[in-house]
Amino acid sequence: MTGPPLALYVHMPWCVRKCPYCDFNSHQLKSAAPDASYIDTLIGDFDLELPRLTDRRIDTVFFGGGTPSLFRPEDFSRLLTELRQRIAFAADVEITMEANPGTIERGLFSGYRDAGINRVSLGAQTFAPRALERLGRIHSAEDTHRAVAELRAAKLDNFNLDLMYALPEQSLEEALVDVRTAVALGPLHISYYQLTLEPGTVFHSRPPPLPDDESAWEIQMAGQRLLADAGYVQYEVSAYAQEGARCRHNLNYWLFGDYLGIGAGAHGKLSFALPERILRTVKPRQPREYQERIRRAGAGTGAGAGIGGDAGAGPNEGSFISPADLPFEFMLNALRLNEGFRVHDYRQRTGLEMDSVEAKLAEGERGGLLENWGDGWRPSELGRRFLNNLQASFLA
């Protein structure tokens, strides 16, 4: 390989029901199962992108949604087999699938494992029946326990549990029961994040009664102490892992690595020449429009995905990041990590020298928001609490 490693994100946009807090590109399923022709579209999408990927290798794959576990194991097997025929995969490739505990039938995880999935992210969110109902989830706490048992039976021990806190009318003790229950299930990774009211969601237009900021902070700190006591090390704002179990796919995002996005509404970032030609792409959000655009481009009636980083060609919409915006783009991601970044990471991923950010780094250090460590920088404890302010300080 002569190019840097590459992550692949695959968006599978259908859900059984749209949750009132969700601002992801997800669409309610109108049939018993997603149309398997979507897999053909994903393969066609990848083929259109392939000219951009010369000498690249796939290091991680992430199937997100939506609810990818609505698709059958044979769908994943067919897609991954086709992709492996087109591009090299790392020998230790990490392949993650998001799953809803309410969509897993007995024995399915063994099928997903045989298809190539080796990591699962399970959307537990909470174990409290009332809270699950308020969040619009289709599963019960018992479903999560059964799904974990199925993962164990399939020898898919590398799994993440998503857990939310500061839920409607949630008390501190209720939140800590959730953390204790999650820890008792023994996942290698826990994503522990606060419920927020995102624009365009039902909760944003009709807000439920949430804990105030001080109560949410108390819940967060108490939850973090429980996770630390159980051996989960926080390495990013909402990510906690046992030794050796950090999510490699997400680490690539946070360190401003390259990733190809295929699927309805999928985003991508590909570097061709630093710092002038770092391309961000996005596919059409609506599944029907996306599938039609890919079909037309593949039939030769569109311009194709473009070669050498053409922006906005074929089924893509995209633009090159202005070099002046790269410091903010990099820091927006890297400062989410407790360990921050190395100088080498900044130079390698942006093509810029450190003099482009030295003044702002020094300003952050004087304000107590940043710490210099050896050959890198990281947010201080104060900087992690006021992360939005710290990130915004790098705006052009």
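Q: At what angle do H1 and H10 pack?
A: In this predicted model, helix H1 (residues 37-49) and helix H10 (residues 287-298) pack at about 50°, with their axes 9 Å apart. Axes are lines fitted to C-alpha atoms, for helices over the stretch in contact, and angles run from 0 to 180 degrees between N-to-C directions. Helices are DSSP runs (H or I, at least four residues) numbered from the N terminus.
Q: What does that make H1 relative to H10?
A: Oblique, the class left over once angles under 35 degrees count as roughly parallel, over 145 as roughly antiparallel and 65 to 115 as roughly perpendicular.
Q: Which residues meet there?
A: Ser37, Tyr38, Thr41, Leu42, Gly44, Asp45 and Leu48 in H1 are in contact (heavy atoms within 4.5 Å) with Tyr290, Gln291, Ile294, Ala297 and Gly298 in H10.
Q: OK, what about H11 and H12, at what angle do they cross?
A: Roughly 130°, where the axes of H11 (residues 326-334) and H12 come within 11 Å. That makes H11 oblique to H12.
Q: And which residues meet in that pair?
A: From H11, Leu326, Pro327, Phe330 and Met331; from H12, Asp345, Tyr346, Arg349 and Thr350.

How values were computed: Residues are numbered from 1 along each chain as its sequence is written. This is a predicted model: local features need pLDDT of at least 70, side-chain atom pairs count only at pLDDT 80 or more; totals for chains, interfaces and linings use all residues. Side-chain values use heavy atoms; hydrogens and water are left out. Helices (H or I, at least four residues) and strands (E, at least two) are DSSP runs, numbered from the N terminus.
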